Amino acid sequence: MKRALFILALLVPAFGAAQYLDTADYAADPAARVFDGRIHVYCSHDWASPVTDRTDGNHYDMREYSHFEVDPADGSSVRTDAILTLEQVPWASRQLWACDVVRKDGRYYLYFPAKDRQGVFRIGVAVADTPEGPFTAEPEPIPGTYSIDPALFEDNGEFYIYFGGLQGGQLQRYRNNRRLRKDRLPASDEAALPARVARLSADMRTLAEKPRPVVILDDAGRPLTAGDPHRFFEAAWLHKHGGVYYFTYSTGTGHEICYATGDNPYGPFTYRGVVLTPVVGWTTHQSVCEHEGKWYLFYHDCVPSGGVSSLRSARYCELVHEPDGAIRTIPGKSR
Ligand code: FUB
């Protein structure tokens, strides 16, 4: 069911002010896309789940995705819930975490993570004919995928899928695309565990190649170590501005959104700085889109829920690329 949220049209999001999509219900992990000149945002639907066990992020117990059509000119949003539900995914058992949607040849492809019946995070795809769904899930997860937080990027007619997340996201259970018997985190002076990227096949339902590591380098050209406060944790996202590829991501335990730049979709990327300082809440998760000549950062925080970490609200504000290509840091609190 669609709900128009005109009551929120009080603040137009300019730099320094951020607009919530909906303060009456929760929505997290916003993935913003522009189709036919309109901003479409895909969110996990946080709710007051009875699951309170925080082990491995079990309390992030989402069962469906929500869609928003957002108009930054007046701050309004139209919300549609249940565009894909857990019950509609044949292979999934729980936890519909952060998703993303792209369009190809007039069809919309929603990529999403969920735990399978063995409790292992896999990435699936669901297809629709309109941006707000309803989406129909493929019967099995995408072969060769693992962990969480799929994010797509289109470049020169090819689509790339980025994914991966530490701790509850299970990325520490994999090396060279193979599953280990148990978690293995690198020592703090070893190279950090990277996100993964793979080109998609033309069918949008399979990988065209084995996932590759998304390496983030320091100024001296060395991979960031596992002990570096700016190492990758989750929430990979790629955008291109001025011919430069920007890889943004969450540092998880550091609660920042950071960015690194490169000259192609695979990287390596060189660490550049902080996009968003910590928000209210444990998780932080972003997407970036361009609309009518302005760039926007979509993210979430827990201000409307009074700081309950599993009840998050999506919001957005303008993002500025400085003339030298640096991203102007956005304060996550007091806005
Ligand atoms: O929403 C569940 C998880 O929390 C997401 O997949 C992560 O990126 C973090 O936001």
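Analyst: Strand S22 (residues 269-276) is mostly covered, with six of its eight residues buried, where buried means under 20% relative accessible area, exposed over 50% and partly exposed in between (1.4 Å probe, protein chains only). Strands here are DSSP runs of E with at least two residues, numbered from the N terminus. This is a predicted model, in which local features need pLDDT of at least 70 and side-chain atom pairs count only at pLDDT 80 or more, while totals for chains, interfaces and linings use all residues. Residues are numbered from 1 along each chain as its sequence is written, and side-chain values use heavy atoms, with hydrogens and water left out.

User: In what sense does S21 pair with S22?

Analyst: Strand S21 (residues 257-262) pairs with S22 in the antiparallel sense over five bridges, pairing being called if DSSP finds at least two bridges between two strands. Tyr259 has Gly273 in S22 as its bridge partner, and in the hairpin of S21 and S22, with six residues between the strands, Gly267 takes a positive phi near 85°.

User: And how does S18 pair with S22?

Analyst: Strand S18 (residues 216-217) pairs with S22 in the parallel sense over two bridges, and Leu217 stands opposite Thr270 in S22.

User: Switching to the ligand, which residues are around it?

Analyst: The residues with a heavy atom within 4 Å of it are Asp29, Met62, Trp97, Ala98, Asp149, Glu234, Thr283, His285, His300 and Arg312. An oxygen atom of the ligand is 2.5 Å from an N or O atom in the side chain of Asp149, and an oxygen atom of the ligand is 2.8 Å from an N or O atom in the side chain of Arg312. Taken alone the ligand exposes 280 Å², of which the protein buries 98%, with areas from the Shrake-Rupley method and a 1.4 Å probe.

User: How many salt bridges are there?

Analyst: The count comes to 18 salt bridges, each being a side-chain nitrogen of Lys or Arg within 4 Å of a carboxyl oxygen of Asp or Glu.

User: Where do Arg315 and Asp301 lie, and are they buried or exposed?

Analyst: Their side chains, those of Arg315 and Asp301, meet in a salt bridge (2.6 Å, N to O). Arg315 lies in strand S25 (residues 313-319) and Asp301 in strand S24 (residues 294-301), so the pair ties together parts that are 14 residues apart in sequence. Arg315 and Asp301 are both buried.

Notes. Helix = DSSP H or I, 4+ residues; strand = E, 2+ residues; numbered from the N terminus. Polar contact = N/O pair within 3.5 Å; in protein donor to acceptor, adjacent residues only side chain to side chain.
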